[in-house]
Amino acid sequence: MFIHFENTNKLKNQKESFSGLIGSAMLILTSISPLQAGEWHVKGNIFQSFSYDDNVIMRENPEASTIYALTPTLKVSHQTDVSEITANASYGIQRYFDKTEFNRENQNYGISGRYSTENIEWAGVASYSLAPARDTAEQESGDFSTDSDRETFFVSPSVSFQLSELDRLTFLAHYTNTSYSTDELDNVESSTTDSLSDYVDKGLNLSWSRQFSELYTGSISIFYSNYKSSDYNREPTNQKESDSGGANISLTYFLSEKWEIFGTVGGRVTNTKRFNGGSKTSSGYLIDSGVNYKGEVLFAEFNVKQSLEPSSQGSLNDQFRISFDLEYKITERFSASLLNSYQESESVDSSDKRRNYTFNPSLSWKITPDWTLSGSYRYRYQKRPIDGLEETANSNLYMLSVNYIWQGLSVAR
């Protein structure tokens with residue numbers, strides 16, 4: 001099933017439909033809670049930040065801005081011995097004092113749940129988000145100068161069968177519908193800013209896993225996915241559709257209580273068809289491997305990932321990423337962290353390759369159990385093809401943030 005949104009009214013209808021879905025789910029939850037003894041939890045937090053970015057558009061001719069962001073979040077959950085359901089909602093603002101066309105009100109709503117019997121577990125996740133397309137530019141497009149909105153609806157049900165004490169079979173499906181509003185900037189430096197493509201990505205995954213010991217777990221999976229792009233700003237003949245299939249083998253091993261090694265290796269084959277005729281078949285490998293350490297004062301993780309990702313550029317991206325994350329607890333109240341990543345993104349049906357690098361250290365001070373003050377610096381670098389040339393850009397961002405965590409309340413019944 002392919003859904004394409006032609007105007008903002010349809011986008012609004014999708015948002016209202018999903019809001020109704022969350023409301024219905026909470027109504028059902030309220031009605032069944034007297035039948036099942038369980039516990040209610042209500043939590044929330046308010047995050048706000050002041051920052052300065054010397055190149056918010058990530059172009060060779062930089063434009064700077066001071067930014068204020070405020071995001072309150074509320075989370076409600078209900079849990080019993082055999083079930084759990086959680087709903088969350090956030091509605092925040094972004095204000096660019098020197099780039100007012102980037103001002104936005106971000107929204108995010110989600111619901112997830114599970115229900116278990118003796119040998120079967122049913123689960124599901126659904127979410128809706130409305131945010132600036134530039135917020136996910138590193139992952140999807142490389143276009144940080146767009147003022148388009150990105151609207152995404154996601155749903156993923158799953159069912160898992162306990163075949164034996166050690167073996168489990170899991171069937172999972174996913175559906176993502178992402179659409180973009182028309183870019184209204186009239187002072188952009190390149191036509192590529194107005195080329196974001198709506199897309200639908202859906203797929204199926206079947207996996208068998210085995211707990212070989214307390215320290216060692218393995219699994220084998222096969223998958224199929226379908227990606228279809230569409231853009232009402234382009235000629236319909238430029239639309240593309242990709243079918244992908246493949247298999248993975250995964251292993252997880254705990255060297256000790258603090259050390260974990262994990263690895264997934266596999267391969268995929270992708271056939272991409274253009275709506276104006278012609279097709280291309282490509283193949284590649286898949287990797288998601290690394291090691292992490294979880295100590296009392298130090299957390300560290302190193303990860304290497306090669307994956308096939310949907311993009312807003314009208315095609316799938318073959319994406320390679322290396323990340324190294326550190327978090328060190330200096331005292332009971334002070335902590336330091338470092339997020340470091342390098343990423344290469346290349347379209348499966350062209351030779352266009354984009355490179356991104358991010359270096360992000362920060363310091364945090366827990367003033368009270370509820371309040372945390374943080375200061376951070378982020379260096380971002382990007383090299384991408386644009387209008388037949390390669391453009392290189394970088395930015396420096398300085399941020400001061402305050403996070404209030406409401407411990408909430410719990411009610412058992």
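The side chains of Ser347 and Ser315 are joined by a polar contact of 2.8 Å, a polar contact being a pair of N or O atoms within 3.5 Å, where within protein one must be able to donate a hydrogen and the other to accept it, and residues adjacent in sequence count only if both atoms are side-chain atoms. This is a predicted model, in which local features need pLDDT of at least 70 and side-chain atom pairs count only at pLDDT 80 or more, while totals for chains, interfaces and linings use all residues. Residues are numbered from 1 along each chain as its sequence is written, and side-chain values use heavy atoms, with hydrogens and water left out. Ser347 belongs to strand S15 (residues 334–347); helices (H or I, at least four residues) and strands (E, at least two) are DSSP runs, numbered from the N terminus. With a relative accessible area of 11%, Ser347 is buried, where buried means under 20% relative accessible area, exposed over 50% and partly exposed in between (1.4 Å probe, protein chains only). Residues up to four places away in sequence aside, Ser347 touches Ser315, Leu316, Asn317 and Asp352, contact meaning heavy atoms within 4.5 Å.

The setting for these details is a protein chain with two helices and 18 strands. Of its 413 residues, 42% count as buried. Among contacts in the chain with a separation of 6 or more, 57% come from residues 24 or more positions apart.

Salt bridges come next. The structure holds 17 of them, each defined as a side-chain nitrogen of Lys or Arg within 4 Å of a carboxyl oxygen of Asp or Glu. One of them pairs Arg104 with Asp149, whose closest N and O atoms are 2.5 Å apart. Because Arg104 lies in strand S4 (residues 104–116) and Asp149 in strand S6 (residues 149–162), this pair ties together parts that are 45 residues apart in sequence. Arg104 is buried, at a relative accessible area of 14%, whereas Asp149 counts as partly exposed at 24% relative accessibility. Asp167 and Arg210 form another salt bridge, with 2.7 Å between the closest N and O atoms. Here Asp167 lies in strand S7 and Arg210 in strand S8, so the pair ties together parts that are 43 residues apart in sequence. Asp167 counts as buried at 11% relative accessibility, while Arg210 is partly exposed, with a relative accessible area of 26%.

Glu344 and Lys353 also meet through their side chains in a salt bridge (3.7 Å, N to O). Lys353 is partly exposed, its relative accessible area being 26%. A network of salt bridges links Glu344, Glu346, Lys353 and Arg355.

Strands S7 (167–180), S8 (198–211), S9 (216–230), S10 (240–254), S12 (279–294) and S13 (298–310) each supply at least two lining residues, and S13 gives the most, with six.

Leu308 lies in strand S13 and is partly exposed, with a relative accessible area of 21%. Between Leu308 and Ser244 there are 9.1 Å in space, C-alpha to C-alpha, and 64 residues in sequence. Leaving out residues up to four places away in sequence, Leu308 touches Ser244, Arg268, Thr270, Leu286, Leu316, Asn317, Asp318 and Val348.

Two further sites complete the account. Ser112 is placed in strand S4 and counts as partly exposed at 29% relative accessibility. The C-alpha atoms of Ser112 and Gly124 are separated by 5.6 Å, the two residues being twelve apart along the chain. Met58 is placed in the loop between strand S1 (39–53) and strand S2 (65–79). Phi of Met58 is near 50°, a positive value in a residue other than glycine. Most residues other than glycine have a negative phi. Met58 counts as buried, at 1% relative accessibility.
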